[in-house]
Amino acid sequence: MNPSDTLATLQEQVQQAAANHTPLAVRGGGSKSWLNPASRQARTGTMLDLHAYAGIVSYEPTELVVTARAGTPLAELEALLATQGQCLPFDPPHFAHTGARATVGGMVAAGLAGPARQGAGAVRDYVLGAVLLSGRAEVLHFGGQVMKNVAGFDVSRLLVGSMGSLGAILEVSLKVLPRAPADATLVFEMSKERAIEQVNIWGGQPLPIAASAWCCGGDGSDHLLHLRLRGAQAAVAAACARLGGQRVDDAAAAALWQGLREQTLPWFATTWAQPGAAGEALWRLAVPPTTPPMRLQGDLLIEWGGAQRWLKTALPAAVMREAAARAGGHATRFRGGDPDTPVFTPPAPPLDRIHREIKRAFDPHGIFPTVMAS
C-alpha cells in the first residue's frame, strides 16, 4: 500500500472512532509500550497502527535536515545519516533487545534521549516541523524545514513527549549534525556527592563534555564517574590532559554508552525481568542538576550531570514524587512496580488546564488518550 492509501485508511479509522466515540491508542513499533498509558486504552478501544506509514520523505545532507514518516524504523534513519557522517545527536534509545522496533514517530512521541542529551540537547531541540493527524481526521502541518520558521505557538515541538495524546504524528522534520571527529571517555573514582559537584563545575568550563554517568559497584565499594568528551581532536586531547582520570579503552567506552542508552547494562537487568510487576520499580527523576543526593533508599545511577537520576526501589510512588517535587523536578515510574500506579507525575493545575485546552482543540471527541508525558 502506498503512503497516500495508508494515510487515507488512517483518516477513515479516526473518523469512525470519532463518530462512535471509540478510544484510539497510537502505536508505532511498540518499543516503549510499557511506558505508554495508552496501552490500557487499546484494550477497550482500537489500535491506530502507524508502522506501515513509513519512508524517508527527503534528506538534504548539506542543509542538515531530514524528513521521515512516523513508521520509519529509527535504525533505517540512523543508517542513512551514517552514510553522510551525520547523526541524531541526542542518542534516542531503540530498546531493540525487547524484540520491538523503534520508529521515528515513537521517538518524538516519547521524547526520550540518551546519554548525549547532556551535551547535545533534547529531542525537541531538533524538531523543525511535524504533520499531525488530529481527532477530527484532519492532516495538520506545523513548522517546516528550517530553524527560524515559527511565529506563535510551536506545535511541532509541543508534540515531543505527547505520547499520542494530541493525535497521531504522521511525519517529522529533524535537524541532524555531523559526527564528532574525536571521542574519549575518562573514569574517576568519587562519591555521588563529589561527582554531582565536580561535573557541574566542569560544565561551566569550556570543555567538550558530551555525557556523564555515575554509579556504584554491586557491593557499593567502588563509586565511578564516567565522563565522555566529544569534539575536535585538539579539544578532546587538551581536555583529557587537563582533567586527568583514567582513559577508558575506546571499544569498552562505546559499549558502556551504548548499554546506557539502550539500558542493557547489568545495572538495568533486574528492571527488565518483570516489567509491570508489583514490587521494585525503575524510577526516573528529573531534577535540577546541582540537586544534592536525595537520600532515597535503592540503587542509584546518575546521568546528565545530575539532571537525570535512575533509582531502583520499592519505595511508594508518593514518596518518590514528593522527593522529586521538593527538589524542583518530577518523577516517572519508568518500568516495573505497581501497574496501577500512574506512570507520569500529574501536572500542576495551571499546566493541566493548558494541556486540556490544547487537547480539546486537536481532539474534541476525546478519542486519543489523556496523558501528560514528563
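How many bridges join strand 4 to strand 8, and do they run parallel or antiparallel? Select residues 65-69 for strand 4 together with strand 8, and you will find five bridges between the two, which run antiparallel. Two strands count as paired here if DSSP finds at least two bridges between them. Helices (H or I, at least four residues) and strands (E, at least two) are DSSP runs, numbered from the N terminus.

Before moving on, note that this is a predicted model, in which local features need pLDDT of at least 70, side-chain atom pairs count only at pLDDT 80 or more, and totals for chains, interfaces and linings use all residues. Residues are numbered from 1 along each chain as its sequence is written, and side-chain values use heavy atoms, with hydrogens and water left out.

**Stop 1: around strand 8**

Stay with strand 8 and highlight residues 168-175. Seven of its eight residues are buried, so strand 8 is largely enclosed by the rest of the structure. Buried means under 20% relative accessible area, exposed over 50%, and partly exposed in between (1.4 Å probe, protein chains only). Show Thr67 next, and opposite it in strand 8 you will see Ser173. Pick Leu132 to find its bridge partner in strand 8, Ile169.

**Stop 2**

Next, bring up the open sheet of eight strands, with antiparallel pairing and the order 13-10-12-11-15-16-14-17. Its edge strands are strand 13 (246-247) and strand 17 (330-336), each pairing on one side only. Further in, select strand 14 (residues 281-286) and strand 16: six bridges join this antiparallel pair.

**Stop 3**

Which strands does helix 7 lie across? They are strand 10 (182-189), strand 11 (209-216), strand 12 (223-231), strand 15 and strand 16, and helix 7 runs at about 175° to strand 11. Axes are lines fitted to C-alpha atoms, for helices over the stretch in contact (heavy atoms within 4.5 Å). Angles run from 0 to 180 degrees between N-to-C directions.

Helix 7 covers residues 192-203, twelve in number, and reaches 16 Å from its first C-alpha to its last, close to the 16 Å expected at 1.5 Å a residue. That expected span is 1.5 Å times one less than the number of residues. Show side chains for Ala195, Ile196, Gln198, Val199 and Trp202: these are the buried residues of helix 7.

**Stop 4: salt bridges**

The structure holds 14 salt bridges, each a side-chain nitrogen of Lys or Arg within 4 Å of a carboxyl oxygen of Asp or Glu. Select Arg261 and Glu78, whose closest N and O atoms are 2.8 Å apart in their salt bridge. This pair links distant parts of the chain, with Arg261 in helix 9 and Glu78 in helix 3 (residues 74-82), 183 residues apart. Arg261 is buried at 14% relative accessibility, and Glu78 is buried at 18%.

Move to Lys312 and Asp299, another salt bridge, with 4.0 Å between the closest N and O atoms. Lys312 lies in strand 16 and Asp299 in strand 15, so the pair ties together parts that are 13 residues apart in sequence. Lys312 is buried at 9% relative accessibility, whereas Asp299 is partly exposed at 40%.

**Stop 5: positive phi**

Finish with two backbone details. Gln263 has a positive phi of about 55° although it is not a glycine. Look for Gln263 in the loop between helix 9 (250-262) and helix 10 (269-273), where its relative accessible area of 3% makes it buried. Trp304, also not a glycine, has a positive phi near 55°. You will find Trp304 in the loop between strand 15 (299-303) and strand 16 (308-313), buried at 11% relative accessibility.
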